[in-house]
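Here is a short briefing for a first look.

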Amino acid sequence: MKRTLIIIALSLLTLTAGAESKNFKLGKWVEIHNAILKELNRSYVDTLPIDRIERAAIDAMLANLDPYTVYVPEEEQEDFQMQIGKVYGGVGAIIYKPDVNGNVVINEPYAGSPAVKAGLRCGDEIIAIDSETVHGLDSKACSDKMRGAPGTEVKFLVKRVYERDTVEVVVTREKIHLPDVEYAGMLDAATGYIYQSGFTEGVADEIRSHVVALKKQGMKRLVLDLRGNGGGLMQEAVRIVALFVPRGSVVVTSKGRDPKDVDVYKTYEAPVDTKLPLIVLVDSGTASSSEIVSGALQDLDRATIMGRRTFGKGLIQSIKPLPYGGQLKVTIGKYYTPSGRCVQAIDYSRRAADGSVAHIPDSLTHEFRTKGGRIVRDGGGITPDVELESPKYDDIVYSLVMRGIVEQYTLKYVAEHETIAPAETFVLDDYDGFLAFAREKLPQSEKPKLDSLVREQIVPFIEEEIVVRYYYQAAGVKLRLRYDEALKTALISPTI
């Protein structure tokens, strides 16, 4: 008994000493930092740019932790909220400003947005915002002027794309929520399809509504497309899994630094269908909450995961308030799938060019088993049950897209065509015109590459950009499905 008490006492002393050591180190570096800053302010030869160097110091410090722990000052709160919630107050349109001294072009209005309600369409040019010329303003400055509190008005002087007259248009701003479900529909008489691009508040309810509606249309199996979905709210991921598994199923477990800091998230809502065959499509852009969904459905043997290995982001962030209106988005834990896997990449600092996790040898990973006994492994992302080839493109295709040449050609095409065929039947009828346009825009060094451009690689991008301008975002997804070879392969692949 005495020996046990001695061991406990020594353990407590060790823990106390460790805490004191950490506190001493923290105090030491805070004191050194403050001393350096005061001395610079007193002695440096020029006026000290305090705001700039302190921001750089904070960013550099956090960069040594992980990519997701970041400082957000008060002046960046609106953009930050837009990133995490996909919500802002404005007119609901993507703008394009090719020249700081030119007009603002309405590039891509959102379906049902205030811009559309006011009659604005792709190709319209804004000359002034609230009687102030846009000439001399960059794209961000113009966007900031267009945003504002829902219910307020903004006045545009607009040059119409087809009428070519100049009119005044008043738009009442609204709360704009970019959709998480960009398209839902039937691929054939028995197959439903949902393309989900985010996990903001309420998306689980939206998915539930779509599943119910598709079942009424005769759906006998569902494809949930999470390719390129960077994630969002964990709770929404739990609620989406709940649609397809029995109530009370474990979806994800979070673990923090303290061994006692463990939270188990189970489904608590009634499912829609626990037998409906599911295919979940993933790729290297599938991350965070998307990996919670795909990992849980895989571990519970509830879906066949198809595609490419996912991104590997198993870190949980929380928003902490800071002085002067700032916030700290800080990583507070890791999440684990029902089988016990952490999908966090072993080394998230080393990735392939597309952002995917580099190959992890089995010797560095651990073996887990699904509910039905199938072997799955950790080490970085969710490895699909069925591997699907990703499309491959020549360098010239990337150049045409990333340089904005496809986008610029699209605006030219829209200005010359007041109407087009429905998205289901639209085909590009001006490929030679696109080649001529691209030849004018490309740098001299890249123009010879156009001679080897594969038409089948670039045309889907052009057609998608065009139909979106007339029929909005869902039409773009529908057209994309026409060329989706991975999806076509998935539909004929065996499932669990």
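The sulfur of Cys142 lies 17 Å from the closest cysteine sulfur, that of Cys122, which is too far for a bond. The model is predicted. A search of the whole structure turns up 0 disulfides.

**Cysteines**
- A disulfide is a covalent bond between the sulfur atoms of two cysteines.
- Cys142 is buried, because its relative accessibility is 0%.
- Cys342 is also buried, with a relative accessible area of 13%.
- The cut-off for buried is under 20%.

**Helix 9 and helix 12**
- Two packed helices are described by the angle between their axes and the distance between the axes.
- Helix 9 covers residues 395–402, and helix 12 covers residues 455–482.
- Their axes are 10 Å apart, at an angle of about 20 degrees.
- Angles under 35 degrees count as roughly parallel, so helix 9 and helix 12 are roughly parallel to each other.
- The crossing of helix 9 past helix 12 is right-handed.
- Val397, Leu400 and Val401 of helix 9 meet Gln457, Ile458 and Phe461 of helix 12.
- That contact is made by 5 nonpolar residues and 1 polar residue, with no charged ones.

**Pro321**
- Pro321 sits in strand 17, which spans residues 315–321.
- Is Pro321 buried or exposed? Pro321 is exposed, because its relative accessibility is 72% and the cut-off for exposed is over 50%.

Technical notes
Residues numbered from 1 in each chain as written. Predicted model: local features only at pLDDT ≥ 70, side-chain atom pairs only at ≥ 80, totals over all residues. Heavy atoms only, no water. Helix = DSSP H or I, 4+ residues; strand = E, 2+ residues; numbered from the N terminus. Buried < 20%, exposed > 50% of the residue type's maximum accessible area, 1.4 Å probe, protein only. Disulfide = S-S within 2.5 Å. Axes fitted to C-alpha atoms, helices over the stretch in contact; angles between N-to-C directions. Parallel < 35°, antiparallel > 145°, perpendicular 65-115°, else oblique. Left-handed = near helix turned anticlockwise from the far one by under 90°. Contact = heavy atoms within 4.5 Å. Nonpolar A, V, L, I, M, F, W, Y, C, P; charged D, E, K, R; others polar.
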